[in-house]
Amino acid sequence: MRARAPVRLLLVAAALACLGLASCDPGLLRSIAKDPEGAAFLLALDGASKDSLFVEASDCGVLVVNFSTSIPNDVYPHSPPRLAVSLTLLLRYTYYDGTVSLKGVLSAETRDVHKLPGDVIIRPTFTLSSPGRGAGGEGGTHGAHGDTHGSTLLSAAGGEAGTQASMQGGARGDTHGSTLLGGAATRGEGDTHGDPRASSSTAAAAAGMEAGTRHAWRVPGGVHSYWDAPAQAAMVHGFEASFALGDPEHHSWTLTCDMDPETAYVYNPSKQLNAVDGRGIEQPPYAEPRDTQDKDTYVVMKLTLGLPVALMGTLIVRHVEYYQSLGVSKHIIYVRKRDIPPLLLSSRKLANLCERGMVMLVLWDSVPAHELWTLRYDHRIAFSHAMLATTGLPATLLFVDLDEYLVTPVPGLQGAPIGELLQTCAGARFAEARLPRYHALCGECSLARPEAFLWGLSAQEQFPRKHPLAWYTLTNFVKKPTTRSAVDPNAARAVYVSMAKPRPGLNATAVSGDCMFLLHIVHMVQVQFSQRKVEARFTPDARTLL
């Protein structure tokens, strides 16, 4: 048997190479080498199957680019004199009837800061520049060698002479240097003056396109500090802008940011097809919203539970099966590339759900890990990415974690489709519905161990007719629970951990726990409450929730 181990390792390595994941941890290779059937399963996946199992974040019709800079520190006296700031820009680009519409989310973070009653203010200006047909730049823009993600990094150090030259002398609003801590921001044609919705027009149509087109817009926002240790300041800010474009065939740009003048990206949005449903950039404005019960519902989650990834496959399948029974159309799950092999090997059902389109695994490696605050900050960016990717669709996004289950105590609504639940409890056409979230515990389980075993295959075999939620009879119905959100992506600017940011003029709807709420399986991964706290905070709930 020992002599076959190297063969198994080669088999698994070949399987991972077929999936484009051969750079995984060698320890992972050794652990899954014990499962030759699993390795054979991976090898059996052909190219079409691989493409249906996961997609890149940049294949969802959303540009994902990163900028970085350092700024003087005038806010935090106990922090370094200069703060390194990382910027991630998520941008959705659509075109219709001579107008380009931009909808985006800016995330920014700086570390090693100390909590004070003040915020770092940044006002970066982003610029889309086109050198025009006669300037020689269009050929370079289109010469991205078939870039499938719609953007190519032109320069990360030192710039590129041709690119920089094409940006100078363009339309009004040329910016020079960086906008620093709350100082007077450079004014450009797309200057929002505090209103990120402000639109700007380029030079008129054909003549402007020959000479080169330039559009600049500013995103004002604060980088807020938090109590979390190690200290870190971060923010996520949504914005919208639009400009006229006379030539509908010309969608080749250079994207720059004034806070990082040495970095530029070639951006070809017309190359981007949205893997969510195959849409391109030519999209009409979103029509009158449909009633909630007539929309598709997508569950969106970012895996962060403190379990080995190999154990999450079964939990994901449980989650998908439950929400499918409520009428959810798809799960959009953000994962790192290293997590794909153990997820696939831990559950063949999960791979089948991916191939059937019921689960979309979105590779999140194009965005920095934000490891100092992964549980919160990374959620904001992933959730906002899903919001941008589904903008234009008649859909509702439900942002929950793997240990959160939607239930209703109303007998007449139990078993009803999720669209009917939301319409009854939140209204027919809400921008955002904030759902109360209550901790729940298994009433018959020991408090000394996590409850993940209730959700595994052995429990499913032992109690085939009893859903794990039926064990959860202890709940803490606090007066002011935390919330999770169900969001119309067309009505949202950005999405945070527990709530969203509706567009101006729209408001969030608070859902009553008497109609619908989320059960948080608080001990699914680890024990968090002692016996004394359980007795003080939790009460038996005799209501039927399923």
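**Briefing: buried cysteines, disulfides and cores in a predicted model**

Cys 257 counts as buried, at 2% relative accessibility, where buried means under 20% relative accessible area, exposed over 50%, and partly exposed in between (1.4 Å probe, protein chains only). The model is predicted: local features need pLDDT of at least 70, side-chain atom pairs count only at pLDDT 80 or more, and totals for chains, interfaces and linings use all residues. Residues are numbered from 1 along each chain as its sequence is written, and side-chain values use heavy atoms, with hydrogens and water left out.

**Overall composition**

- The chain holds 14 helices and 25 strands; helices (H or I, at least four residues) and strands (E, at least two) are DSSP runs, numbered from the N terminus.
- Of its 546 residues, 54% count as buried.
- Among contacts (heavy atoms within 4.5 Å) between residues at least 6 apart in sequence, 80% join residues at least 24 apart.

**Cysteines and disulfides**

- A search of the whole structure finds two disulfides, each a pair of cysteine sulfur atoms within 2.5 Å.
- Cys 425 and Cys 515 are both buried, and their link is left-handed, with -70° about the S-S bond.
- The other disulfide is formed by Cys 442 and Cys 445, whose sulfur atoms are 2.1 Å apart.
- The torsion about the S-S bond of Cys 442 and Cys 445 is about 70°, so this disulfide is right-handed.
- Cys 442 is buried, with a relative accessible area of 2%, and Cys 445 counts as buried at 19%.
- With the bonded cysteines numbered in sequence order, the pairing is 1-4, 2-3.
- Cys 60 also counts as buried, at 2% relative accessibility.

**Helix H12 and its cover**

- Helix H12 (residues 418-426) is mostly covered, with seven of its nine residues buried.
- Those buried are Ile 418, Gly 419, Leu 421, Leu 422, Gln 423, Cys 425 and Ala 426.
- Their cover includes strands S13 (296-302), S16 (395-399), S17 (404-407), S18 (432-442), S20 (482-487) and S23 (508-510).
- Gly 427, which follows H12, has a positive phi, near 110°.

**Strand S20 and its partners**

- Five of the six residues of S20 are buried, so the strand is largely enclosed by the rest of the structure.
- S20 runs antiparallel to S16, to which two bridges join it; strands pair if DSSP finds at least two bridges between them.
- Leu 398 has Ala 486 of S20 as its bridge partner.
- S18 and S20 are also antiparallel, joined by six bridges, and Arg 434 has Ser 485 of S20 as its bridge partner.

**Nonpolar cores**

- A nonpolar core is a set of buried Ala, Val, Leu, Ile, Met, Phe, Trp, Tyr and Cys residues joined through side-chain atoms within 4.5 Å.
- The largest such core has 61 residues, of which Leu 303, Tyr 323, Leu 435 and Trp 455 touch the most other members.
- Helix H8 (residues 312-325) gives the largest share of this core, seven residues.
- A second, separate core of 34 residues includes Met 387, Leu 397, Val 487 and Ala 500.
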